[in-house]
Amino acid sequence: MRDIVIAGAGMAGLHAAEALREAGFDGRLTLVGDEPRRPYSRPPLSKEFLTGKGAPATLDLRQDAELDALALDLRLGRAAVALRPGERALELDDGSSVRADGVVIATGARARRPATGLAGVHVLRTAEDAAAVRAAFAEHERIVVVGAGFVGAEVAASARTAGLAVTLVEAAPTPLTRVIDPRVGRVFTELHRDNKVDLRLGVGVAGFEGDDRVRRVRLADGTAIEASLVVAGLGALPNTEWLAGSGVALAPGAGGVLCDEYCATSVPGVYAAGDLANWPHPRYGGRIRLEHWTNAGEQAGVAARNLLAGEGARQAFTPVPYFWSDQYGMKIQLLGQAAPADTVEVVHGSAEDRKFVAFLGRDGMLVGVLGLRSTPKVMRYRRLLAEPTTWAAALAEVSPPA
């Protein structure tokens, strides 16, 4: 194998390139990215960058010298438009093609956009998106954030830090419902209210109204919120359309690229990693797809090494999922899964004090550990999720309060 192409120049793509070089690959390594800038970190976009504490240069994942040391054929500002495995080629949007004996698909996902063409309605996924929202913060006194998932919740917190009046709209009864059991999610409801966010829970958005610019957000209950600035955090869609006709199997709907436990796709020599990879995890009841910064790096490393190793020496990817969020100066951490759960127990601290660790269980097994302002305690329980651990055994491991 002399020519490997990585489609996608984000966290997953960069980590795949580094893993290939560390594993001894000395052939031609092409990294293709549809954004014009070098690989950068997305988590600060909805936090430090929005509040003015981070400059564009601080987003860079690697310095120029570090990238140069990888000896990459770097194709930035170019999108992959087709994969032709039979011809060993990846086609780009400028009409060129790159020879590919092996491929790592890491094109990630894009923000779901609301159905409106009105100015003033933003999403936040890229550095360009974040720059537009940051500029809008300086021009507006109030904002409506639609969707209280992690991105929406972080944007709401950043907007409050920047001094804007914030209304946060969520169709579910609590924030973060998709990933955190509502019994714990209620803590985050109160966290937003503590910070004077106008929360509208259990009601969806019917539409956006205005002339050329948004002027109000109409809710499903008939009420309206006046606003000339909106950020929609409605989730993400995997960037897989360009794989049509390639033979790479896709999950139904917007489920991403189907992989096996080694991150291999249905096409020999083609692996996938990051936000679009859909693979079987033995401890989480079937297939999962994770849109987490940590997962993107870890999975890319495994996919790259497996691409080189061949079938006899490949490593299954069975991580402990890990995610964190910073809101109102507080760190939220999640190990494993926090929803759905049939058992929730706070094992350290208390929700009332906004400082706690909670265990989450399903079918008699520990499936998640969630913490607020409790970093050391959360991380000590990671080992309990690395292997199947019963609920009783997990509780027996709880350390006494420090």
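A: A residue counts as buried when its relative accessible area is under 20%. The model here is predicted. Ser 350 has a relative accessibility of 17%, so it counts as buried. This residue belongs to strand β24, which covers residues 343-350. Apart from neighbours within four places in sequence, Ser 350 is in contact with Lys 355 and Phe 356.

The next step is the pairing of the strand that holds Ser 350. β24 and β25 run antiparallel and are joined by 7 bridges. In this pairing Gly 349 stands opposite Phe 356 of β25. The two strands form a hairpin with 4 residues between them, and in that hairpin Arg 354 takes a positive phi near 55°.

Other strands pair elsewhere. β13 (residues 205-210) and β14 (residues 214-219) are antiparallel, with 5 bridges. Gly 207 faces Arg 218 of β14 across this pair, and 3 residues lie between the strands of the hairpin they form. A separate description covers an open antiparallel sheet of 3 strands, in the order β4-β5-β6. Its edge strands are β4 (80-84) and β6 (97-99), each of which pairs on one side only. From one strand to the next the twist averages 20°. β4 is joined to β5 (residues 89-92) by 4 bridges, and Ala 80 stands opposite Leu 92.

The largest nonpolar core has 70 residues, of which Leu 90, Ile 105, Phe 359 and Val 369 touch the most other members. Helix α1 gives the most to this core, with 7 residues. Leu 90 has contacts beyond its neighbours within four places in sequence, among them Val 5, Val 32, Ala 80, Leu 83 and Trp 242.

The axes of α1 (residues 11-22) and α6 (residues 293-309) come within 8 Å and cross at roughly 40°. The crossing is right-handed. On the α1 side the contact is made by Met 11, Ala 12, His 15, Ala 16, Ala 19 and Leu 20, while the α6 side includes Trp 293, Ala 300 and Leu 308. By class, this contact has 10 nonpolar, 3 polar and 1 charged residues. In helix α3 (residues 127-137), the buried residues are Ala 127, Asp 129, Ala 130, Val 133, Ala 136 and Phe 137. Their cover includes β9 (121-122), β10 (142-146), α4 (150-161) and β16 (230-232).

Definitions and conventions: Residues numbered from 1 in each chain as written. Predicted model: local features only at pLDDT ≥ 70, side-chain atom pairs only at ≥ 80, totals over all residues. Heavy atoms only, no water. Axes fitted to C-alpha atoms, helices over the stretch in contact; angles between N-to-C directions. Left-handed = near helix turned anticlockwise from the far one by under 90°. Contact = heavy atoms within 4.5 Å. Nonpolar A, V, L, I, M, F, W, Y, C, P; charged D, E, K, R; others polar. Core = buried A, V, L, I, M, F, W, Y, C linked by side-chain atoms within 4.5 Å. Buried < 20%, exposed > 50% of the residue type's maximum accessible area, 1.4 Å probe, protein only. Pairing = 2+ DSSP bridges.
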